[in-house]
Amino acid sequence: RSLCDWSSDVCSSDLVFYGDGALCVQAPIYRIAPLLVTSSSGTASLPLDLTALPFTGGPGEVSAGETWHFQLWFRDPAGGFAGFNFSDGLKVTFCP
């Protein structure tokens, strides 16, 4: 459960240059639906319901004390050759 930005406190695996940016990920990787549309300023947000699937069962289950890393993968046709990039990482520890 590892996604990262450039800082070692968020990144817990090797940095991989992919697309027009950097991806730092190790399996398992979980995709959280639905797809998001960014605002005109380029921001996006997604409230997570930790009482519903996929967070309450199966391989995406969240347990108290776990640390997960999140990163947004987005299309950016004008941003470079590959047309997609990644946000900075976010490190979250889930409390009981």
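A word on the ground rules, friends. This is a predicted model, so local features need pLDDT of at least 70 and side-chain atom pairs count only at pLDDT 80 or more, while totals for chains, interfaces and linings use all residues. Residues are numbered from 1 along each chain as its sequence is written, and side-chain values use heavy atoms, with hydrogens and water left out.

Now the overall layout. The protein has zero helices and six strands, and its elements run β-β-β-β-β-β from the N terminus. Here helices (H or I, at least four residues) and strands (E, at least two) are DSSP runs, numbered from the N terminus. Of the 96 residues, 25% are buried. Buried means under 20% relative accessible area, exposed means over 50%, and partly exposed lies in between, with a 1.4 Å probe and protein chains only.

What about the outside? The protein exposes about 6700 Å², and carbon and sulfur atoms supply 59% of that area. Accessible areas come from the Shrake-Rupley method with a 1.4 Å probe, and for residues only the protein chains shown count as cover. Leu-36, Leu-46, Leu-48, Leu-50 and Leu-72 make a nonpolar surface patch of about 350 Å². In patches, like charges are joined within 9 Å and nonpolar side chains (Val, Leu, Ile, Met, Phe, Trp, Tyr) within 5 Å.

Leu-36 sits in the loop between strand S2 (21-23) and strand S3 (67-70), and it is partly exposed at 35% relative accessible area. Ala-44 belongs to the loop between S2 and S3 and is partly exposed too, at 38%. Ala-44 touches Leu-36 and Thr-38, not counting residues up to four places away in sequence. Ala-44 and Leu-72 are 28 residues apart in sequence, yet their C-alpha atoms are 9.1 Å apart.

Let's go inside. Which residues make up the largest nonpolar core? Phe-55, Val-62, Trp-68, Phe-70 and Phe-94, five residues in all. Such a core is a set of buried Ala, Val, Leu, Ile, Met, Phe, Trp, Tyr and Cys residues joined through side-chain atoms within 4.5 Å. Beyond four places in sequence, Phe-55 touches several residues, including Ile-32, Leu-48, Val-62 and Trp-68.

Two polar residues deserve a look. Asn-85, in strand S5 (residues 84-86), is buried at 17%. A polar atom of the Asn-85 side chain lies 3.2 Å from the backbone oxygen of Asp-20, and one lies 3.5 Å from the backbone nitrogen of Gly-21. Gln-71, in the loop between S3 and strand S4 (73-75), is buried at 16%. The side chain of Gln-71 reaches the backbone oxygen of Ser-87 at 2.8 Å, and a polar atom of that side chain lies 3.3 Å from the backbone oxygen of Ala-22.

Last stop: is Gly-65 buried or exposed? Gly-65 is exposed, because its relative accessible area is 53%. Leaving aside neighbours within four places in sequence, Gly-65 is in contact with Thr-93 and Phe-94.

Technical notes. Patch = residues over 30% accessible without salt bridge, like charges linked within 9 Å, V, L, I, M, F, W, Y side chains within 5 Å. Salt bridge = Lys/Arg side-chain N within 4 Å of Asp/Glu carboxyl O. Contact = heavy atoms within 4.5 Å. Polar contact = N/O pair within 3.5 Å; in protein donor to acceptor, adjacent residues only side chain to side chain.
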